[in-house]
Amino acid sequence: MEMDSSVNVFGDPLVPCSLEPTTGFFRDGCCNTCKEDQGSHTVCVEVNDEFLAFSRSRGNDLSTPIEEYGFPGLAPGDRWCLCAARWLEAQQQDRAPRVFYSVPM
């Protein structure tokens with residue numbers, strides 16, 4: 001898989017979203033994407049209880065660990081590369097988590 005050009009919405013280089021837990025389609029900590037990333041995991045968010053419950057109600061339980069995939073499960077305050085469409089859906093229902101943005105050093 002070839003990674004797309006990695007810049008944020010301001011054209012700045014991506015900075016890590018989270019290394020603990022490690023996030024991103026490539027599990028490199030950044031919200032990088034490519035043509036194989038059908039979910040477009042490009043929005044770095046800080047999850048909260050309200051969003052985790054919303055996501056679970058939509059069939060995507062992000063809080064339960066899945067050991068066979070090395071997924072620890074998310075807790076409030078964790079940052080995660082979220083699918084753009086899921087963020088928009090949550091926003092439309094007033095359940096969107098805070099978007100995390102950091103300026104490159």
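Cys-17 and Cys-44 form a disulfide, with their sulfur atoms 2.0 Å apart. Keep in mind as you look around that this is a predicted model. If the word is new to you, a disulfide is a covalent bond between the sulfur atoms of two cysteines. Cys-17 lies in the segment before S1 and Cys-44 in strand S1, so this bond ties together parts that are 27 residues apart in sequence. Both ends are hidden: Cys-17 is buried, with a relative accessible area of 2%, and Cys-44 counts as buried at 10%.

How many disulfides does the structure hold? There are 2. The other one joins Cys-31 to Cys-81. This pair links distant parts of the chain, with Cys-31 in the segment before S1 and Cys-81 in strand S2, 50 residues apart. Cys-31 and Cys-81 are buried too.

Here are the two bonds side by side.

| Disulfide | S to S | Angle about the S-S bond | Handedness |
|---|---|---|---|
| Cys-17 and Cys-44 | 2.0 Å | 85 degrees | right-handed |
| Cys-31 and Cys-81 | 2.1 Å | -95 degrees | left-handed |

If you count the bonded cysteines along the chain, the disulfides follow the pattern 1-3, 2-4.

Now for Cys-34 and Cys-83. Cys-34 counts as buried, at 4% relative accessibility. Cys-83 is in no disulfide either, and the nearest cysteine sulfur to it, that of Cys-81, is 9.9 Å away. Is Cys-83 buried or partly exposed? With a relative accessible area of 21%, Cys-83 is partly exposed; the buried label needs a value under 20%.

In soluble globular proteins, nonpolar side chains tend to be buried together. Here, the largest nonpolar core has 12 residues, among them Val-43, Phe-51, Leu-74, Trp-80 and Ala-90. Strand S1 (41-46), helix H1 (49-57) and strand S2 (79-83) are the elements that give two or more residues to this core. Which of them gives the most? H1 does, with 3 residues.

Note on methods:
Residues are numbered from 1 along each chain as its sequence is written. This is a predicted model: local features need pLDDT of at least 70, side-chain atom pairs count only at pLDDT 80 or more; totals for chains, interfaces and linings use all residues. Side-chain values use heavy atoms; hydrogens and water are left out. A nonpolar core is a set of buried Ala, Val, Leu, Ile, Met, Phe, Trp, Tyr and Cys residues joined through side-chain atoms within 4.5 Å. Buried means under 20% relative accessible area, exposed over 50%, partly exposed in between (1.4 Å probe, protein chains only). Helices (H or I, at least four residues) and strands (E, at least two) are DSSP runs, numbered from the N terminus. A disulfide is a pair of cysteine sulfur atoms within 2.5 Å.
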